[in-house]
Amino acid sequence: MADQEPDFDIIVVGCGCAGAVAAYTAAQAGKSVLVVERGEYSGAKNMTGGRIYSHALKKVFPDFEKEAPVERKVTHERIAMMDPTANMTVDFTSDKLSQEGKDSYTVLRAPFDQWLSSKAEDAGAEIINGIAVEQLIKDDAGRVVGIKAGEDEITASVVIVAEGANNLLTERCLGAKRPTPDEMAVGIKEVFQLPSDQIEQRFLCPKGEGAAMLFVGDCTHGRTGGGFLYTNKDSISLGLVATISQIEKADNPTPIYQMLDDFKHHPAVAPIIDGAKLVEHSGHLVPEGGYNMVPQLVYDGCLVAGDAGMLCMNLGYQVRGMDFAVESGRIAGEVACKAIDAKDTSATGLASYKTQLEQGFVLSDLKTFSAWPETMLDWKRMFTEYPKAVEGIFNAMFVVDGQNQKHLKERIKPIIKEMGTWKTLKEVRGALKAL
Amino acid sequence: MSDINPITVNVDAAIALNKYNVDEENAHIELVDNPDDEEFKKLVRLCPAGLYKIDKDGNKTFDYAGCLECGTCRIACESTILKKWDNPQPGMGVEYRFG
Ligand SMILES: Cc1cc2nc3c(=O)[nH]c(=O)nc-3n(C[C@H](O)[C@H](O)[C@H](O)COP(=O)(O)OP(=O)(O)OC[C@H]3O[C@@H](n4cnc5c(N)ncnc54)[C@H](O)[C@@H]3O)c2cc1C
Ligand code: SF4
């Protein structure tokens with residue numbers, strides 16, 4: 001098989017952010033590209049929070065925000081700490097958040113991925129929808145030479161695997177280790193339709209702009225994870241991301257879908273979606289083990305991009321996966337083209353993929369925050385006692401009942417003491433070091 | 001003890017809003033016979049579509065028809081009580097309109 005001309009220069013598995021951009025990049029460079037996407041249309045199987053930071057996509061489509069079906073520009077960042085009976089929200093807005101290249105946009109993946117896919121198709125890539133690649137074909141030397149999908153075996157000089165977080169092929173055909181329940185989170189989300197002017201009123205945002213909101217605490221009933229809320233054009237995305245090992249535990253009495261329902265009914269959340277119509281309920285994995293869970297990304301004849309390579313980062317106040325997917329997809333596309341031109345598509349010929357990811361932000365940022373996933377997993381009190389202490393402190397400040405008041409310091413001291421001053425300082429220092 | 005609190009939400013009604021092409025012939029996820037109770041309860045807690053259920057009499061049921069194809073059950077239990085986790089057949093399964 002190795003002596004025959006391959007059917008395509010490049011085959012891309014999956015047409016999400018990583019795959020579509022890889023295909024576009026390679027097709028644009030004049031290569032013959034086949035994309036196999038298991039969804040009936042690109043995006044049909046995909047879900048995100050979510051918002052995409054624009055910087056990586058702008059390298060590929062400089063004016064994407066004018067053309068792509070993005071929902072809203074995020075100009076309000078909100079962070080909330082919630083206890084079962086209380087909630088504290090910080091709402092931050094700044095002109096920096098809307099500067100070109102530093103800006104971000106909320107997206108819904110069904111329309112967004114169809115747009116990305118149409119760009120790849122316009123550039124000349126061939127896209128097959130509705131069928132999953134079942135296997136990567138290898139030659140006797142173990143080199144990836146193509147794919148098997150349904151009855152068909154199709155060959156290529158390079159296969160780019162961009163299959164997303166549930167990376168069956170990377171595990172079953174490339175030998176990557178299965179992520180552990182500590183390294184993966186379950187994401188659950190619901191989309192609620194709400195007229196756009198009501199969204200702007202509820203979030204105090206100018207027309208066309210919106211908010212991104214992350215919650216910690218009672219949203220996951222005190223388990224490691226968090227809640228998220230993103231404003232779309234005329235809908236709201238609301239959901240949870242929680243570490244699998246913490247949800248599956250025998251001492252957790254609440255299934256994740258019940259947690260989402262409880263979150264929706266929390267007094268700080270219910271009014272936001274009041275009167276909004278539920279239109280979709282979705283689920284997806286989120287790789288959150290960071291740098292230490294990234295598998296081998298370069299093989300003979302094959303590159304792994306995006307979530308399939310676990311290139312995703314959840315810092316609690318920042319979730320990034322789509323910009324990593326776009327960037328790794330672009331680099332994979334470029335490196336594959338160069339290797340084909342140089343007639344060396346072995347792992348050595350493709351090695352600059354890894355080097356470029358290391359030099360650029362993808363692996364560099366993941367490495368910088370490599371200690372965070374474990375720190376977060378050990379910092380159980382962040383999800384229980386900290387929100388409770390915040391409630392105590394703010395109650396001490398704001399509750400007036402006509403009793404003789406003590407100095408604020410006296411009112412707050414017992415709360416801090418109960419938290420354990422040293423323990424808290426140590427924890428916060430540790431977290432700051434990892435972040 | 002590993003008990004699960006009473007459920008107040010109707011998750012079936014929520015997933016009923018999704019678009020699916022259900023493959024009646026082919027289950028893309030299969031459990032082993034007589035799955036271990038504790039392992040099964042992990043999936044009750046984890047599945048975002050609430051497809052793993054234990055009824056009043058302690059009977060365990062699983063219905064792949066409402067599957068969101070997330071892979072969470074695979075990460076938790078492919079090495080224990082899941083016999084099979086594959087992508088659905090061509091054209092089958094969930095079809096997000098929003099995502
Ligand atoms: C709840 C949640 C919230 C998130 N929030 C954010 C956020 O706010 N910002 C952010 O940047 N990131 C966020 N992320 C992460 C982000 O969504 C992912 O990192 C990103 O979608 C990865 O893109 P990808 O192209 O690698 O994978 P995917 O988007 O998953 O694409 C993979 C594609 O491959 C296809 N496929 C899979 N297997 C096969 C096969 N065998 N054959 C053919 N096709 C196949 C799939 O159908 C899919 O289209 C979030 C994720 C979740 C789940
Ligand atoms: S893949 Fe996800 S939605 Fe489907 S059964 Fe498993 S956990 Fe539930």
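Predicted model: local features only at pLDDT ≥ 70, side-chain atom pairs only at ≥ 80, totals over all residues.
**Interface of chain A and chain B**

- On the side of chain A, 54 residues are in contact with chain B, and the partner side in chain B consists of 46 residues.
- The area buried between the two chains is about 4,200 Å², and carbon and sulfur atoms give 53% of that area.
- Within chain A, the residues that lose the most area to chain B are Tyr257(A), Glu280(A) and His281(A), which together account for 16% of what that side buries.
- The rule finds 31 residue pairs in polar contact across the interface of chain A and chain B, counting pairs in which both residues are at pLDDT 80 or more.
- Several elements of chain A each supply at least two residues of the side that touches chain B, namely the helices α4 (109-122), α5 (168-172), α7 (244-247) and α8 (256-265), together with the strands β11 (184-193) and β15 (277-287).
- Sorted by class, the side of chain A that touches chain B has 25 nonpolar residues, 16 polar residues and 13 charged residues.

**Salt bridges**

- Across the interface of chain A and chain B the rule finds 7 salt bridges.
- Glu171(A) forms a salt bridge with Arg74(B), and the closest N and O atoms of this pair are 3.2 Å apart.
- Within chain A, Lys31(A) forms a salt bridge with Asp341(A), where the closest N and O atoms are 2.8 Å apart.
- Lys31(A) lies in the loop between α1 and β2 of chain A, whereas Asp341(A) lies in helix α9 of chain A, so this pair ties together parts that are 310 residues apart in sequence.

**Surroundings of ligand 1**

- There are 39 residues around ligand 1, and those that come nearest are Glu37(A), Thr48(A), Arg51(A), Arg109(A) and Asp307(A).
- For Glu37(A), a polar side-chain atom lies 2.5 Å from an oxygen atom of ligand 1, and for Tyr230(A), a polar side-chain atom lies 3.1 Å from an oxygen atom of the ligand.
- Val36(A) takes part through its backbone, with an N or O atom that lies 3.5 Å from a nitrogen atom of ligand 1.
- On its own, ligand 1 has 990 Å² of accessible area, and the protein covers 97% of it.
- The elements of chain A that each supply at least two residues of the shell around ligand 1 are α1 (17-28), β2 (33-37), β13 (225-231), β15, β19 (319-320) and α9 (322-341), and β15(A) gives the most, with 3 residues.
- By class, the shell around ligand 1 has 20 nonpolar, 11 polar and 8 charged residues.

**Backbone features in the loops of chain A**

- Gly49(A) and Gly50(A) are joined by a cis peptide bond with an omega of about -10°, and Gly50(A) has its place in the loop between β2 and β3 (51-53) of chain A.
- Lys343(A) has a positive phi of about 55° although it is not a glycine, and Lys343(A) is placed in the loop between α9 and α10 (352-359) of chain A.

Key
Residues numbered from 1 in each chain as written. Chains lettered and ligands numbered in written order. Heavy atoms only, no water. Contact = heavy atoms within 4.5 Å. Buried area = accessible area lost by both parts, 1.4 Å probe. Salt bridge = Lys/Arg side-chain N within 4 Å of Asp/Glu carboxyl O. Polar contact = N/O pair within 3.5 Å; in protein donor to acceptor, adjacent residues only side chain to side chain. Helix = DSSP H or I, 4+ residues; strand = E, 2+ residues; numbered from the N terminus. Nonpolar A, V, L, I, M, F, W, Y, C, P; charged D, E, K, R; others polar. Near = heavy atom within 4 Å. Areas by Shrake-Rupley, 256 points an atom, 1.4 Å probe, with all protein chains shown as cover.
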